[in-house]
Amino acid sequence: MTRTVLTAGTRHSALLGIGGYRPRRVVGNAEICRLIDSTEEWIETRSGIVERRFADHDETLLMMAATAAEKALAQAGTTPAEVDLVLVASMSNLVQTPPLAVRVAHELGAGAAAGVDLSAACAGFCHALAMASDAVRAGSARRVLVVGAERMTDIVEPTDRTISFLFADGAGAVVVGDSDTPGIGPVVRRAYGAHSEALRMTAPWATAGGPAPERPWMRMDGRRVFRWAMDEVAPALARTVREAGLTPAELGAFVPHQANLRMIELMTERLGLTDATAVSRDVVRSGNTSAASIPLALEALLASQEASTGDTALLVGFGAGLNFASQVVVLP
């Protein structure tokens, strides 16, 4: 449904375009079960996931991020030369420097843009979106490219029965720009460091070259993360909607981080959403793509016509830290 959202100040920001890249290789649950002691039924029941995408060697983070960004720029009617800032959220970039954002800007031909990487795991996209909105509203940028890009298959151990069936690869991007009307609401965010061990790497990269090299892998205490999301993140969503000047009934869409289907359904229920609000369930076909999941889900929702231009959409990203960020946006 078409609405505006409340913001502070006189300058406004909005989403101008969305783009995504999904790797070519489709991986069903049967293939996952060849590496872990599980069944297709168990995976689908536990996560809702039926299939996901795994990147091939040529589908690098840079390639996926740049391709998604090109699509977002095209939809926004923005040229690379008009981009002032590129923000890339990723938790799976194995190259510390140079920043991936700088390489994306160069690949696109955005020669005047600054580039900054952001590491906030599955909450990274929403954090980056808030920073982009702030930059536009403060007048330090007119066009900001926000990208979430992940090759989770690089950091998740394929034989880890607890999480290997969850994670996948892909990239999504949005263009944020100045607007006559408000299109991105206030961000609600918080970090919970007491739970930091619930989602972590097994070792720092520094140990990989030691006398007994240990490949760092991601590990997750799924039950602990689930409880935290329900106890802390779900209640914060109502506040996000209120601060945007809306009620849950006025939301056109709900696009949470695509962690697993059960979490999405419970958050939908706790918000009191009805069938009048389109709810993204992209996790079923895409798996958990961490920082890429929300822009990919946005693109899919608009392509399916379940949501339309001008609809208000509640976004929330949550994950390692543990931390979350959420805001309401008007769909481009």
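In which helix does Thr268 lie? Thr268 belongs to helix 7, residues 261-271; helices here are DSSP runs of H or I with at least four residues, strands are runs of E with at least two, and both are numbered from the N terminus. Before I continue, the provenance: this is a predicted model, in which local features need pLDDT of at least 70 and side-chain atom pairs count only at pLDDT 80 or more, while totals for chains, interfaces and linings use all residues. Residues are numbered from 1 along each chain as its sequence is written, and side-chain values use heavy atoms, with hydrogens and water left out.

Let me return to Thr268. With a relative accessibility of 9%, Thr268 counts as buried. The term buried means under 20% relative accessible area, exposed means over 50%, and partly exposed lies in between, with a 1.4 Å probe and protein chains only. The areas themselves come from the Shrake-Rupley method with a 1.4 Å probe, and for residues only the protein chains shown count as cover. Leaving aside residues up to four places away in sequence, Thr268 touches Phe254, Leu273 and Val279, where contact means heavy atoms within 4.5 Å.

Most residues other than glycine have a negative phi, and most peptide bonds are trans. Ser290, in the loop between helix 8 (283-286) and helix 9, has a positive phi near 50°. At 1% relative accessibility, Ser290 counts as buried. After helix 9 comes Gln305, with a positive phi near 65°.

Elsewhere in the chain, Ala121 has a positive phi near 55°. Ala121 sits in the loop between strand 5 (114-118) and helix 5, and its relative accessibility of 7% makes it buried. There is also a cis peptide bond between Thr97 and Pro98, with omega about 5°. Pro98 is placed in the loop between strand 4 (85-89) and helix 4 (100-108).

Now to the charged side chains. Side chains of opposite charge can pair when their charged atoms come close. A salt bridge is defined here as a side-chain nitrogen of Lys or Arg within 4 Å of a carboxyl oxygen of Asp or Glu. By this rule the model has 13 salt bridges.

What is the N to O distance between Arg22 and Asp282? These two side chains form a salt bridge at 3.2 Å. Arg22 lies in the loop between strand 1 and strand 2 (25-28), and Asp282 in the loop between strand 12 and helix 8, so the pair ties together parts that are 260 residues apart in sequence. Arg22 is partly exposed at 24%, whereas Asp282 is buried at 13%.

A second bridge joins Arg24 and Asp58, with an N to O distance of 2.8 Å. This pair links distant parts of the chain, 34 residues apart: Arg24 is in the loop between strand 1 and strand 2, and Asp58 in the loop between strand 3 (51-54) and helix 3 (61-76). Arg24 is partly exposed, with a relative accessible area of 49%, and Asp58 is partly exposed at 45%.

Finally, the surface. Arg46, Arg161, Arg223, Arg227 and Arg262 form a positive patch. Patches consist of residues with over 30% relative accessible area and no salt bridge; like charges are joined within 9 Å, and nonpolar side chains (Val, Leu, Ile, Met, Phe, Trp, Tyr) within 5 Å. Lys and Arg count as positive and Asp and Glu as negative, without His or the chain ends. Within this patch, Arg227 is found in helix 6, residues 222-243, and is partly exposed at 48%.

Technical notes:
The place of a charge is taken as NZ of Lys, CZ of Arg, CG of Asp or CD of Glu.
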